[in-house]
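Hi,

Here is the structure I promised to pass on. Have a look at it first, and then read my notes below.

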Amino acid sequence: MPRPPLQVQLVSSRDALAAADRLLTHVRFGVRTGHDGDDPCRVSVGLAPLFEGPDSEAWYADAPVTRGWDDGVGYACTDRLLFAQLYLPDSTRMADAAREAYARLLAFHRARGYPELLRIWNYFDRLLEPAGEDDLDRYQAFCKGRHEALETAGLQAAALPAATAIGTAAPGLIVYLLAAREPGVQIENPRQVSAYHYPPDYGPKSPTFSRATLKDWPSGAHLYISGTASIVGHASRHEGDVRAQVDEIIDNLEALIGNVSRGHGLDTLVGPGDLSLIKVYVKHARDLEAVRERIRARIGAHPAMLFLHGDICRRELLVEIEGLYA
Ligand code: 3EB
């Protein structure tokens with residue numbers, strides 16, 4: 001059996017890392033956003049972990065990794081997988097920052113020979129504050145800049161990868177991604193309108209991501225699940241009720257996973273409890289216990305879990321959950 005090309009562990013940034021030559025990415029969650037030292041595979045994201053325990057994700061490849069910098073883009077790669085990250089400290093003009101970050105990252109991963117996007121993470125500050133442009137908030141301005149860059153690069157809706165976009169407490173925009181030589185399969189959620197078909201009420205340019213990417217490696221399938229919120233159709237549900245929002249999110253995850261396991265014969269992934277890792281973004285720290293209780297009741301304790309304090313991209317949304325099966 002070949003080894004999986006990517007495995008993720010939650011670790012503490014205080015601990016020494018094993019197998020540093022195979023480290024593809026190290027993401028540390030805490031007080032600041034940016035690069036973490038000179039190592040291009042290490043980034044920091046300004047989202048505080050909500051309780052004691054691991055504060056970092058360590059992603060290991062199955063072979064030694066090549067790392068470097070290319071015009072501000074940090075990268076790490078093996079034969080099969082590329083991690084790339086770009087940090088822009090000044091995100092004052094959000095649409096411009098998003099357009100620039102995407103233009104540079106898209107040009108980079110294609111030029112390197114990993115043309116297929118699997119997964120993207122986007123983190124920036126003051127998510128819901130006015131962008132100072134056309135009455136948009138900064139998330140809407142981000143969507144506009146991202147949309148324009150993807151359009152310029154000729155990326156079709158059917159090729160959009162899974163993504164997360166969350167508001168940080170620290171300044172700056174960081175975007176990081178995973179790309180491969182061969183494409184994954186884009187998955188949508190039967191309970192949700194595709195984000196790229198949201199009506200214009202949510203912003204002039206729709207968010208450009210798929211609900212999940214399924215990637216078949218020789219060692220088995222991986223599923224990268226986007227940030228999932230309490231949205232049914234295109235409408236937010238359960239304003240003001242964080243417990244009901246968690247339940248709706250888990251219903252969404254179950255529907256998405258059911259869609260995948262039925263359609264693609266993934267019989268070891270039956271429900272959210274079978275995921276390897278979930279990241280839970282909580283808007284108000286005071287909601288942590290309620291969120292944990294609902295997750296424990298519905299998903300159980302099997303997946304590794306990270307609870308992070310972050311802003312969600314519509315004012316009424318209090319929680320969002322992303323997942324990984326690997
Ligand atoms: C949603 O379903 C919730 O803009 O990249 C989730 C995941 C959300 C990714 C993005 C936004 C994004 O619309 C928000």
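Let's start with the shell around the ligand: by class, eight of its residues are nonpolar, two polar and three charged. (Ala, Val, Leu, Ile, Met, Phe, Trp, Tyr, Cys and Pro count as nonpolar, Asp, Glu, Lys and Arg as charged, and the others, Gly among them, as polar.) Keep in mind that this is a predicted model, where local features need pLDDT of at least 70 and side-chain atom pairs count only at pLDDT 80 or more, while totals for chains, interfaces and linings use all residues. Residues are numbered from 1 along each chain as its sequence is written, and side-chain values use heavy atoms, with hydrogens and water left out.

Which residues come nearest to the ligand? Of the 13 around it, they are Tyr139, Arg146, Tyr198, Arg211 and Cys313 (near means a heavy atom within 4 Å).

Three of these names come up again in the polar contacts (pairs of N or O atoms within 3.5 Å; within protein, one must be able to donate a hydrogen and the other to accept it, and residues adjacent in sequence count only if both atoms are side-chain atoms). A polar side-chain atom of Tyr139 is 2.5 Å from a ligand oxygen, for Tyr198 the distance to a ligand oxygen is 2.7 Å, and for Arg211 it is 2.8 Å.

How much of the ligand's accessible area does the protein cover? The answer is 99% of the 360 Å² that the ligand has on its own (Shrake-Rupley method, 1.4 Å probe; for residues, only the protein chains shown count as cover).

Helix 2 (138-152) and strand 11 (162-168) each give two or more residues to the shell, and strand 11 gives the most, with three. (Helices, H or I with at least four residues, and strands, E with at least two, are DSSP runs numbered from the N terminus.)

Cheers
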